[in-house]
Amino acid sequence: MSAVSGTLLGLLAVSESLAEFVAAQGSIPRMFADAGTQAGQHGSAGRVQFAMVVGLLCLSTALPLAFLRPLTAGFAVTAASVGSLVIFGTLTLAGLAAQLVAQYRLGRDGSLLPAALLTAPFLVLALTAPDDTGYRVRVVLVAVLAPLTALVGLAGRSNEQNRRHSAIRRVMDGTQWENAARDERVRIVRELHDVVGHHISMIAVQAETARIATAGMPAEGAERLLGIGDTARAALTEMRRLLGVLRDDTESVTGGDRRPQPDLRQIHGLLDEAREASATSVRLILSGAPRELDPGIELAAYRIVQESLTNARKHATGAAVDVELTYTDDALHLRVRDNGPGPPAGRLPGGHGLLGMRERASAVGGDVHTGSAFDGGGFVVEARLPAKTEETL
């Protein structure tokens, strides 16, 4: 676009200068006439020479816009315009327009100092202008309009930057909302799996335990308890499938949750539920000096114990479970072990429950390791959680 406009303005400047030359009936300033005489040329040759010089100079007042960068083009156009005013006492309207375009481009480019410097020669010419009205009008127009045009270009630059920044802010705000929604979805998935899954598993285990442990139960009652257990297990399977769909669209997890949430003061109630549900031994072993930890740490520990007990009821029914909490100066060590058969040979333990444990521990700066217990069999979950979350360190 700049190339086309610069070329058109250059051609218009040449055409306008030639029209003015013809309208003046070929009058030539003495300096060109004398040069023509010294060269032994005729008067017509001097007029042709003068017309060519004027045409080239007028072309130079606009053509640089087509091929040069804003700063270089501004200096070239200004030099040609000042030369046209000083030598020939005129500036074409196309040259005036080109000068304003050059100033506008400098303003858009943010080059205010060069724009001001290029306006100075026109101010000097305006103050020293002769009595020629046409000359004075054109010089004053350039001196007044050039800085205004540069300011218009600067305003356009500022508006464009504001629009760009607004668009970036809108994108960032949308991304933040999207990340917040994703993090909230992860939190909901985790809570549903830990809380709802825990209670549904208890329903299934209690129904199965009641069916087997109750002596003399009628066949109809046993069948109903069996149906309750099957329904609970089917609901748990379906819930896990739906939670898996929610998890597939998430890439990050959130940190520690805020209260009200369970903490380690409620660990005894959790163990009592496990004893009642499975009618097996669940022991709590404490080491070190128990103390209140950060809410996120206690929530993570509670959920890891809860999930470990749920897994023990599902995969090691009837097995005794030991829950060990060891308090040290800088960490809480947690170990949940059952004396069941352990995972099948050649099969790595997996599932959303173990993944949720690792996510919770990682969110507060800890880690979880799971697998077969080497000292006597069974399955073990070991977690190390820092005594303080990263936010409070």
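Which side chains meet in a salt bridge with an N to O distance of 3.1 Å in the case of Arg 164? The partner of Arg 164 is Glu 160, the side chains of the two residues meeting at 3.1 Å, N to O. The structure is a predicted model, in which local features need pLDDT of at least 70 and side-chain atom pairs count only at pLDDT 80 or more, whereas totals for chains, interfaces and linings use all residues. Residues are numbered from 1 along each chain as its sequence is written, and side-chain values use heavy atoms, with hydrogens and water left out.

A salt bridge is taken here as a side-chain nitrogen of Lys or Arg within 4 Å of a carboxyl oxygen of Asp or Glu. The structure holds 9 salt bridges. Arg 164 and Glu 160 are both located in helix α8 (residues 133–213), 4 residues apart, about one turn of the helix; helices (H or I, at least four residues) and strands (E, at least two) are DSSP runs numbered from the N terminus. Both residues are partly exposed, with relative accessible areas of 42% for Arg 164 and 31% for Glu 160. On this scale, buried means under 20% relative accessible area, exposed over 50%, and partly exposed in between (1.4 Å probe, protein chains only). A network of salt bridges links Arg 164 and Glu 160 with Arg 108.

A salt bridge between the side chains of Asp 330 and Arg 384 has an N to O distance of 4.0 Å. This pair links distant parts of the chain, 54 residues apart: Asp 330 belongs to the loop between β2 (321–327) and β3 (331–338), and Arg 384 to strand β5 (residues 379–386). Arg 384 is partly exposed, at 32% relative accessible area.

Strand β2 pairs with β3 in the antiparallel sense over 7 bridges, pairing requiring that DSSP find at least two bridges between the strands. Val 323 has Val 336 of β3 as its bridge partner, and a hairpin of 3 residues joins the two strands. Val 323 belongs to the covered face of β2, together with Val 321, Leu 325 and Tyr 327, while Asp 322, Glu 324 and Thr 326 make up the uncovered face. With strand β1 (residues 282–287), β2 pairs in the parallel sense over 6 bridges, and Asp 322 is the bridge partner of Arg 283.
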